[in-house]
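Please report on the local packing, the strand pairing and the helix contacts of the chain shown below.

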Amino acid sequence: MVSGGRRKEENKVLDPRKSRVISQAGYFLTELNRIGVTRQLLWEEYKKEDPDGYGYSRFCELLSEASQVRQATMRFEHRPGEKMEVDFAGKPLHYLDQDTGEMVPCPVLVAVLPYSSYGYLEALPDAKLEQVVGALNNTVLYFGGVTLTTKSANMKQWVTKTCRYEPVFPEMLEQWASHYGTALLAARPRKPKDKPSVENHVHIFYMRIYVTLRNEVFTSLRELNAAIKIKLAEHHKKDFQKKAHSRQEVFEKEEKPLLLPLPGSSYELRHHTKGKVQKNYHVQLGEDKHYYSVPHRLIGADVRLVYCTEHVEVFHNSERVAVHRRSYKKFKCTTELTHMPPAHQAYFKQKGWDPEYYLGQARQCGPSAVAYFQKILDSKPVVHHAYLSMLGLLRLRKEYGSERMEAACRRALQGYIYSYVTIVKILENNMDMAEENLAGGDYTPPENPTARGGDSFKNRFENK
């Protein structure tokens, strides 16, 4: 006699309805990928062909089981120093542009060593290949070595011609790989499981780094990346879940010794372009639409710009006349003070002066000058209004000398009006010379060649 449980199992195995659904599972799953096709629609079509077939819920269960079988994944065993996986994170990070007040989005490049799960990420000004190569330079420097292969998604910065067996890489990327001795690989299009380690680390970095930085405001890309490195180091030192060791320990002990050594210098691609120095002694780097200063004597000259990801050099007749850190802010200027004409330098310095600067200049004259400068600062409703007055006083000091300026301020402090004009009148009329403490003794009026004196009147009356 067959038991009830055994009979149910045999009936389940022999049920022809299940066999018919499984035999068509490939068709059903393929159709689900088409736009507008739903399980409800497929079930209705199935019931028309097989009126005695399963209900909707059992039909969906069988499709789910078939889908799991088709989506089975293969487990890869990674070897230390063999591969580095690279990809962009889906979400950007931001920093505050102090000039515009806008939050600037920055694409984030992520790299990971699958064996040790030791990773690196960097925020970039943009996602151009030039920036990717610069970030890859920083990545291998951070790891302290190079892997045998470097694999990335099939993104436009990485692959110029897609092919499953022989993808074509950009020349710049090929040069980078040749410089470091690593082989380039590309994942298949729309196949994220070809690079599972970096895909997984993007989500880990969201939780370990993005979240911890979400309430901080950074005012430059450099400041943002400095904060990222701090959080990255903390992440590497944490133990793996349910393990008594960290990514840092595995990397240092097992993977780093097997990395290929770094070459003597980092790979650097240098671009060349030409420009003409404008009347404001700046030349434009057209690629970034940014302006860089050169010595003002070169206004109107044709120059050559040589630039990489970090620096911009300007050459005139084979002589390097300027070098700047590269900026990616459009329609902005990078200016070096020594490139300005003397008048522009003076004005530029003046813009940066503050009350302490003017008081420091007054101390070179004496305590009365300091007190008078302070009176001017206190008398103005807005401190910037006082700067022009004190700028005029500094000019007077240069013209009359510190000693007379101190005496003039000492005399002016006896009054109640504190201004540049007051000091001008005192100095022009030599009123400061009457000060008792002024070196030179008693006050002697200056000679006036137009004054006739009392003798001229005496002679006039005698002649009559």
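Setting aside neighbours within four places in sequence, Met 84 is in contact (heavy atoms within 4.5 Å) with Ala 111, Val 112, Leu 113, Pro 114, Leu 136, Thr 139, Phe 143, Thr 147, Thr 149, Thr 150, Lys 151 and Trp 176. The model is predicted: local features need pLDDT of at least 70 and side-chain atom pairs count only at pLDDT 80 or more, while totals for chains, interfaces and linings use all residues. Residues are numbered from 1 along each chain as its sequence is written, and side-chain values use heavy atoms, with hydrogens and water left out.

Met 84 is found in strand β1; helices (H or I, at least four residues) and strands (E, at least two) are DSSP runs, numbered from the N terminus. With a relative accessible area of 2%, Met 84 is buried. Buried here means under 20% relative accessible area, exposed over 50%, and partly exposed in between, using a 1.4 Å probe and protein chains only. The C-alpha atoms of Met 84 and Thr 149 are separated by 6.4 Å, although the two residues are 65 residues apart along the chain. The bridge partner of Met 84 in β6 is Thr 150. Strands β1 (residues 83-88) and β6 (residues 149-152) run parallel and are joined by 4 bridges.

Both strands belong to an open sheet of 5 strands in the order β5-β4-β1-β6-β7, with mixed pairing; two strands pair if DSSP finds at least two bridges between them. At the edges are β5 (118-123) and β7 (183-186), each of which pairs on one side only. On average, neighbouring strands of this sheet are turned by 20 degrees against each other, direction ignored. Axes are lines fitted to C-alpha atoms, for helices over the stretch in contact, and angles run from 0 to 180 degrees between N-to-C directions. Helix α8 (residues 196-213) lies across β1, β4 (108-113) and β5, and runs at about 120 degrees to β4.

What is the burial state of β5? Of its residues, 6 of the 6 are buried, so β5 is largely enclosed by the rest of the structure. In a regular strand the side chains alternate between the two faces of the sheet. Both faces of β5 are covered, with Tyr 118, Tyr 120 and Glu 122 buried on one side and Gly 119, Leu 121 and Ala 123 buried on the other. Strands β4 and β5 run antiparallel and are joined by 6 bridges; Tyr 118 in β5 is the bridge partner of Leu 113. The two strands form a hairpin with 4 residues between them.

Another hairpin is that of β2 and β3, with 6 residues between the strands. Strand β2 (residues 93-96) and strand β3 (residues 103-106) pair in the antiparallel sense over 4 bridges, and Leu 93 stands opposite Cys 106 in β3. Leu 93 and Tyr 95 form the covered face of β2, whereas His 94 and Leu 96 form the uncovered one.

Ser 117 and Asn 430 each have a positive phi without being a glycine.

Two packed helices are described by the angle between their axes and the distance between the axes. The axes of helix α3 (residues 25-32) and α4 come within 10 Å and cross at roughly 145 degrees. The contact is made by Tyr 27, Phe 28, Glu 31 and Leu 32 of α3 and by Arg 39, Leu 42, Glu 45 and Tyr 46 of α4.

In helix α4 (residues 39-49), Leu 42, Trp 43 and Tyr 46 are buried. Seen down the axis of α4, its buried residues fall within an arc of 100 degrees, so they line one face of the helix; the arc is that of the directions from the helix axis to the C-beta atoms.

For the protein chain as a whole, there are 17 helices and 14 strands. Buried residues make up 39% of the 464 residues. Of the contacts with a separation of 6 or more, 60% are between residues 24 or more positions apart.
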